[in-house]
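Subject: Structure handover

Hello,

Here is the structure I promised to pass on. Please open it alongside this note; my findings follow below.

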Amino acid sequence: MSAREYDVVIVGAGFAGMYLLYRVRRLGMSVRVLEQGSDVGGTWYWNRYPGARCDVESMQYSYQFDDDLQQEWHWPERYSAQPDILKYAQHVADRFDLRKDIDFEMRLASARFDEESAIWTLKADDDKVTNARFFVMATGCLSAPNWPKIEGLKSFTGPTYHTALWPHEKVDFSSQRVAVIGTGSSAIQSIPHIAREAAHLTVFQRTPNYAIPAHNRDMDTELEKEIKAHYTTMRARAKTTPGGLDVAYNQGSIHDATPDERDSAFERNWQRGGLGFMSAFGDLMMDQSANDIAAEFVRNKIRERVKDPQTAENLCPRNVIGAKRLCVDIDYYETFNRDNIELVDVGAEPIEQITSEGVRAHGRLYEVDTLVIATGFDAMTGALTRVDIRGRDDASLAERWKDGPSTYLGLAMHEFPNLFTVTGPGSPSVFSNMLPTIEQHVDWIADCLGHAKSQGYATVEAEADAEQDWWAHCQELGNIGLKTMTDSWYVGANVSGKARVFLPYFGGIPAYFKKCEDVVENGYEGFAFR
Ligand code: NAP
């Protein structure tokens, strides 16, 4: 059977893959998308756990490439729930007739570059082969599930669910004794829902997290009208902020504020809710004493919200606030006031074992009927290294990244010609509003493909020096301030055996976008076309 051939093959039909498909079609290039799931939506297709919701406000977490689309779509809530975001992705797929160019239920297993023909041979799990001139991994930053290394995990006889691989049908927790392992964003969102339904819930917490209330509510239709009337201005303003979010940032130092001014700045952000909490002062992520004040403010809020003082103290994080991505919660702390929930601290003494009947910790067996694993992702690199990608001279990406990744702009790698990554390591990605950042990456990649096509180039490849310089710059920025002082998935510390390297770019959206523009203006500086 001869292999199918396309100018461009995109892996992943999440928001990145969908928009790239739309853009590549317009270049008049043949294109195919390979998607592991049975429909579009990426992260919002897989993460269906109860309570899954975006931590960026709906009016900002949406595409802006098509004004009719952004004008016609109505988000029902301030922060969108997973089913609504999935509905939006499906609407986009229908509106632009995207599905006809997508192979669903096709997982890419390997990709090999042949230097002579300058063609990538992509092999799926079922051995189906697709050939491509250009190949784009649009596989997401938080998409490769991380399973904890706990002895006996497979021996549990009841149902086991990973939040990132949640079943499509509703999971019924009623009259169940449930254990949740993990207290990151996914757990913080799902725990209130599970506790409301289950007979009993035991939460195994290794490290408490800082959660800021979402203050979610129905969409304010007047605000929606106002934003839609000035959408372009709002989107442009968002691009001037470090996180690409239309949020007011105070650049001033907390040390120039009186205690009352500090409290009211934090209180204002607390009442507004969400990820913008750390925008209260400019030095919260630079100076430990500034950070301590913000952290204590949140701890005091936890103490107010949780009735039992010991449970409240156990829920209070002691690490740097903001060094892990903040969580955005709805009723998380109040859930610990219920009488059917128990918090088990496994910070100092890890879970000993999972048995057929439950979870063993502190020498005691917690018997449960259902296990929920909320242990996150092999972030930023996992989705790339889990595919056997071989570039020039059979160079293995996974092997090359054994001691940590390196990329040029988070977009491309030396020795891997014609391969692009969307929001790869070394891009602002997770430090920004993902959807607009995805659009910027896709636009850049599509323009580059168009350039290669119009100039008749067969290959484009990041130059070794450009990659080295960019990666060194990313590491330099990563080491400024307090971001790396806590174990987190930003530094790969959540996956056992993963190299500790700062993965995203922390220079902010304006600097990053400018750099990408400059590269193009300077004749694709740092890229070699052949
Ligand atoms: P996560 O933040 O990595 O949290 C994983 C949790 O599992 C942590 O509490 C971790 O403890 C714990 N854990 C891991 N291994 C363990 C073990 N062996 N024993 C006990 N506990 C263990 O993962 P996540 O909650 O899925 O979130 C990941 C990211 O996805 C978030 O930071 C966010 O960017 C994104 N996300 C966003 C949303 C949203 O939009 N609202 C929702 C969900 C996720 P340690 O902290 O000690 O490692």
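Predicted model: local features only at pLDDT ≥ 70, side-chain atom pairs only at ≥ 80, totals over all residues.

**Helix packing and ligand contacts**

The H8 and H9 crossing is right-handed. From H8, the contact uses Arg262, Asp263, Phe266, Glu267 and Trp270. From H9, it uses Ile293, Ala294, Phe297, Val298, Lys301 and Arg305. By class, the contact of H8 with H9 has six nonpolar and five charged residues, with no polar ones.

Now the second pair. Helix H14 (residues 434-455) packs with helix H16 (residues 509-521) at an angle of about 5°. The axes of H14 and H16 are 12 Å apart. Angles under 35 degrees count as roughly parallel, so H14 and H16 are roughly parallel to each other. H14 brings Thr437, Gln440, His441 and Trp444 to the contact. H16 meets them with Ile509, Tyr512, Phe513, Cys516, Val519 and Val520. The contact of H14 with H16 holds seven nonpolar and three polar residues, and no charged ones.

Last, the ligand. Which of the 23 residues around the ligand come nearest? They are Arg53, Ser186, Thr207, Lys324 and Arg325. In Ser186, a side-chain N or O atom is 2.6 Å from an oxygen atom of the ligand. For Lys324, a polar side-chain atom lies 2.6 Å from a ligand oxygen atom. Ala374 uses its backbone: an N or O atom there lies 3.3 Å from an oxygen atom of the ligand.

Best wishes

How values were computed
Residues numbered from 1 in each chain as written. Heavy atoms only, no water. Left-handed = near helix turned anticlockwise from the far one by under 90°. Helix = DSSP H or I, 4+ residues; strand = E, 2+ residues; numbered from the N terminus. Contact = heavy atoms within 4.5 Å. Nonpolar A, V, L, I, M, F, W, Y, C, P; charged D, E, K, R; others polar. Near = heavy atom within 4 Å. Polar contact = N/O pair within 3.5 Å; in protein donor to acceptor, adjacent residues only side chain to side chain. Axes fitted to C-alpha atoms, helices over the stretch in contact; angles between N-to-C directions. Parallel < 35°, antiparallel > 145°, perpendicular 65-115°, else oblique.
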